[in-house]
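Student: Pick one part of this protein and take me through it slowly, please. I'd also like to hear about whatever surrounds it, in plain words.

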Amino acid sequence: MRLLLLQLSDIHFRAQTNPITSRLNSLVAAIRSIAPKPDGCIVLVTGDVAWSGEKEEYDNAELFFE
């Protein structure tokens, strides 16, 4: 079984602009170049997810991970 373990740390989503969202395609391409077809994936999100803890910031993070 091939398992992909991905850790993202201190992504700091904001209510408006989020640099990580503009890098999503590059992030996915990098992951696929390392592990093109894993049997499973575990994503660890460590550090700060939101910039200031506002609900909208967490909503943005949730959309990103969907």
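Tutor: Let's start at histidine 12, which sits in the loop between strand 1 and helix 1 (helices, H or I with at least four residues, and strands, E with at least two, are DSSP runs numbered from the N terminus). Before going on, keep in mind that this is a predicted model: local features need pLDDT of at least 70, side-chain atom pairs count only at pLDDT 80 or more, and totals for chains, interfaces and linings use all residues. Numbering runs from 1 along each chain as its sequence is written, and side-chain values use heavy atoms, with hydrogens and water left out.

Now, back to that loop. Histidine 12 has a phi near 45°, a positive value in a residue other than glycine. Here's the background: most residues other than glycine have a negative phi. Aspartate 10 lies in the loop between strand 1 and helix 1 as well, and its phi is positive too, at about 50°, although it is not a glycine. How buried or exposed are these residues? Histidine 12 is partly exposed, with a relative accessible area of 24% (buried means under 20%, exposed over 50% and partly exposed in between, with a 1.4 Å probe and protein chains only). Aspartate 10 counts as partly exposed at 39%. Phenylalanine 13, another residue placed in the loop between strand 1 and helix 1, is buried, with a relative accessible area of 1%.

The protein has three helices and two strands, and from the N terminus on they run β-α-α-β-α. Its C-alpha trace spans about 40 × 20 × 15 Å along the principal axes. Of the 66 residues, 24% are buried.

(On a 1 Å grid over the protein atoms alone, a pocket is an open set of points where a 1.4 Å probe fits, with protein on both sides within 12 Å along at least five of seven lines, and lining residues have an atom within 4 Å of a point. Points are joined across faces, edges and corners, and the volume is the space filled by probe spheres set on them.) The lining includes Leu6, Leu8, Val28 and Ile31. The elements giving two or more residues to this lining are strand 1 (3–9), helix 2 (24–34) and helix 3 (55–65). Helix 2 supplies the largest share, five residues. By class, the lining has nine nonpolar, no polar and one charged residues (Ala, Val, Leu, Ile, Met, Phe, Trp, Tyr, Cys and Pro are nonpolar, Asp, Glu, Lys and Arg are charged, and the others, Gly among them, are polar).

Two lining residues show how the chain folds back. Leucine 24 belongs to helix 2 and is partly exposed at 32%. Leucine 24 and phenylalanine 64 are 40 residues apart in sequence, but 8.5 Å apart in space, C-alpha to C-alpha. Valine 43, in strand 2 (residues 40–46), is partly exposed at 41%. Valine 43 and phenylalanine 65 are 22 residues apart in sequence and 9.5 Å apart in space, C-alpha to C-alpha.

The structure holds one salt bridge. Aspartate 59 forms it with lysine 55, with the closest N and O atoms 2.9 Å apart. Both lie in helix 3, four residues apart, about one turn of the helix. Aspartate 59 is partly exposed at 28%, while lysine 55 is exposed at 61%.

How values were computed: Salt bridge = Lys/Arg side-chain N within 4 Å of Asp/Glu carboxyl O.
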